[in-house]
Amino acid sequence: PFSSGLRLLPGAAYPAWRPAAAAAAAAAAAGEAARRQDDSFSAASVYGARCTSRCLSLQITRISAFFKHFQNNGSLVWCQNHKQCSKCLEPCKESWDLKKNHCQSFCEPLFPKKNYECLTSCEFLKYILSVKQGDCPAPEKASGFAAACVESCEADSECSGVKKCCSNGCGHTCQVPKNLYKGVPLKPRKELKFSELQSGQLEVKWSSKFNISIEPVLYVVQRRWNYGIHPSEDDATSWQTVAQTTEERIQLSDIRPSRWYQFRVAAINVHGTRGFTAPSKHFRSSKDPSAPPAPSNLRIANSTVNSDGSVSVKIIWDLPEEPDIPVHHYKVFWSWTVNSKSFVPAKKKRRKTTDGSQNYVVLEGLQPNSNFMVELQAVTYWGQVRLKSAKVSLYFSSTQTAINKEQVSIVEKAADAAPSFKGRRPTRLLEIGVPFYQDDQLQVKVYWKKTEDASSRSRYHVQWFPESCLHNDTKGSEKSSGITYENYIILQDLLFSCKYKVTVQPARSKGQLKAESIFFTTPPCSDLKGKKHKHISCPTEGVPVVPKVLAKPENLSASFIVQDINITGHFSWKISKVNLHQPMTGFQVTWAEVTTESRQNSLPNSIISQSQILPVDHYVLTVPNLRPSTLYRLEVQVLTTGGEGPATIKSFRTPDLLMSPHRPHLKQHHSHHYKPPPEKY
């Protein structure tokens, strides 16, 4: 390492250099460990976002019917509340360990009857966890050590950075992949904009260069921070994921004064990501930090009687979770009165300080047979200003303490320091919002208080069904259910003039919590028609609410061009304008690889699906890089201002490269009819 000509003599002592080098090496090792931990957290967020992007891609037809521009956060909320899409999202959450669990054991308890979407999503997540982005280069392209005839790796995870475990013809080595960013969105611009809103929230905005992704793009936002007067990357926390969104902005409410924040953003779709942007410039809130919260749960831990008859008492409290500024020290005051016939006023007062990271104090040499009052206060510093919390008080008697510490009476005298009821289940009453009409359907929001264990992510199972309806319409009266991690859910597609029952069941790993139920009544259709929604056609008038789109693509056909090892498919169709009652806005085309043709109801081995929206005058779709001798499923729908039409589905098999080397243009019509498993929406 010393290229400047400095030579070290053997056997000579270098006391100053060795400890410094050891310290530097230790710091470097610690930094490397922290970086690896950062990378693993970041990777988990990226995998989850890839998984979510796939779920949105599969539902893109429905999403585009609801939202003109699917690149907004409404599509994510829609997916969370949609029966099939929410099942698909379940494995994408980072709350379980794929390496230890099988997909079957994860999905079946959640969805005992229909878990196809959950299983395929889980298998996809498992696949991307083991297989890195990009394609292996041709074996003959390997050079240097990569060409050595050795089995130096078995899986991509054994290779550093972006390298993959690839064959070189006579062994497997770690090699730099080709097509590393194929189909992957560009990184957002590195300049992030910050603005503090009047509500106290921080809005972070970024912008993309331009969108080259067919699939929906998700943005993962991470931040780190450090305390202090000056920004410092060395003293900062590790990167933490704070949001996953489809919009190019987030609003954060947990921004604390006295902290220097940095942010970074990654754009991710089903194919992967180009990584996070460089850390942003530092941001610090313009607000002054608040005083530390009053200490909570002040109590006696133990007490002992000394040989001289005096009493020692250990008093403990709970440290605050995240104050604006760490507590510098605690001040403890105590005073007492003696239990005797002549009452002595409590004028004697002592004080003691203890370190801010310590949650206990021992009061020694207390007089027996006395009543004590102990006060505790947290103190911190912001520059030259001293910030103090409210005081909390504890009353006890030294006779009771020595004999039976269970009898000690505790009284807390601070508005901030509310006592915590850990053993008691809080009332979690449900509340119902006002029913509203949106996206051509009646909806209502149900919300409740979160479960008491705030540290873990709580999952809620929600069921709802109409108990009775004025018009006795039984359509849609079967039970509906959903799962949410939030403390609310939006119930959609409700019937008018019905009495509904909603049941919310919190689920947690240890035992079941009690379910809560509530009833609500939906308004009659006529109530809404008279107000804002004049276009609603009520069922009593005999007119359907929304005229159905009947237009359907016809004569789906495919031709394939084979050039060397590349196969390009040209898919075409026609449209009859007879059933077209609304203006057409385009076509939604989805193609997917179907690898288990013989077992249509089993899981596909490969879950590759892409979707594209074409303009109204495009009746042909060109898809490059198709696999040879593979069955593809094509689905085409007409999009109109009134929604989407029924899908026309056909399956086509690509030619085998070995069978037709002399025929560059192979015309193949739909000889294969692949009927997809019936799905209920």
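**Exercise 1. Locate glutamine 59 and state whether this residue is buried or exposed.**

Step 1. Glutamine 59 sits in the loop between helix 1 (17–58) and helix 2 (60–66). Helices (H or I, at least four residues) and strands (E, at least two) are DSSP runs, numbered from the N terminus. The model is predicted: local features need pLDDT of at least 70, side-chain atom pairs count only at pLDDT 80 or more, and totals for chains, interfaces and linings use all residues. Residues are numbered from 1 along each chain as its sequence is written, and side-chain values use heavy atoms, with hydrogens and water left out.

Step 2. Buried means under 20% relative accessible area, exposed over 50%, and partly exposed in between (1.4 Å probe, protein chains only). Glutamine 59 counts as buried because its relative accessibility is 7%.

Step 3. In sequence, glutamine 59 and serine 611 are 552 residues apart; in space they are 9.3 Å apart, C-alpha to C-alpha.

**Exercise 2. Describe the surroundings of asparagine 226.**

Step 1. Asparagine 226 belongs to strand 5 (residues 218–227). It counts as buried because its relative accessibility is 2%.

Step 2. Look for polar contacts (pairs of N or O atoms within 3.5 Å; within protein, one must be able to donate a hydrogen and the other to accept it, and residues adjacent in sequence count only if both atoms are side-chain atoms). The side chain of asparagine 226 reaches the backbone oxygen of histidine 230 at 3.1 Å. A polar atom of that side chain also lies 3.1 Å from the backbone nitrogen of serine 232.

Step 3. Contact means heavy atoms within 4.5 Å.

**Exercise 3. Which strands does strand 12 pair with?**

Step 1. Two strands pair if DSSP finds at least two bridges between them. Strands of a sheet pair through backbone hydrogen bonds, either parallel or antiparallel.

Step 2. Strand 12 and strand 13 (residues 349–355) run antiparallel and are joined by 7 bridges. Here lysine 331 has threonine 353 in strand 13 as its bridge partner.

Step 3. Strand 12 is also joined to strand 15 (residues 370–382), by 10 bridges, and this pair runs antiparallel. Threonine 337 has asparagine 371 in strand 15 as its bridge partner.

Step 4. Of the 10 residues of strand 12 (residues 329–338), 9 are buried, so this strand is largely enclosed by the rest of the structure.

**Exercise 4. What is the strand order of the open sheet of 3 strands, and which are its edge strands?**

Step 1. The order is 3-4-7, with antiparallel pairing. The edge strands, each pairing on one side only, are strand 3 (193–196) and strand 7 (249–252).

Step 2. Strand 4 (residues 202–205) is joined to strand 7 by 4 bridges. Valine 204 stands opposite isoleucine 250 in strand 7.

**Exercise 5. Which residues touch the most other members of the largest nonpolar core?**

Step 1. A nonpolar core is a set of buried Ala, Val, Leu, Ile, Met, Phe, Trp, Tyr and Cys residues joined through side-chain atoms within 4.5 Å.

Step 2. The largest core has 24 residues, and Trp448, Trp464, Leu491, Leu494 and Val502 touch the most other members. Among the elements giving two or more residues to this core are strand 24 (498–507) and helix 8 (525–529).

Step 3. Neighbours within four places in sequence left aside, valine 502 is in contact with residues including Leu430, Trp464, Leu491 and Phe520.
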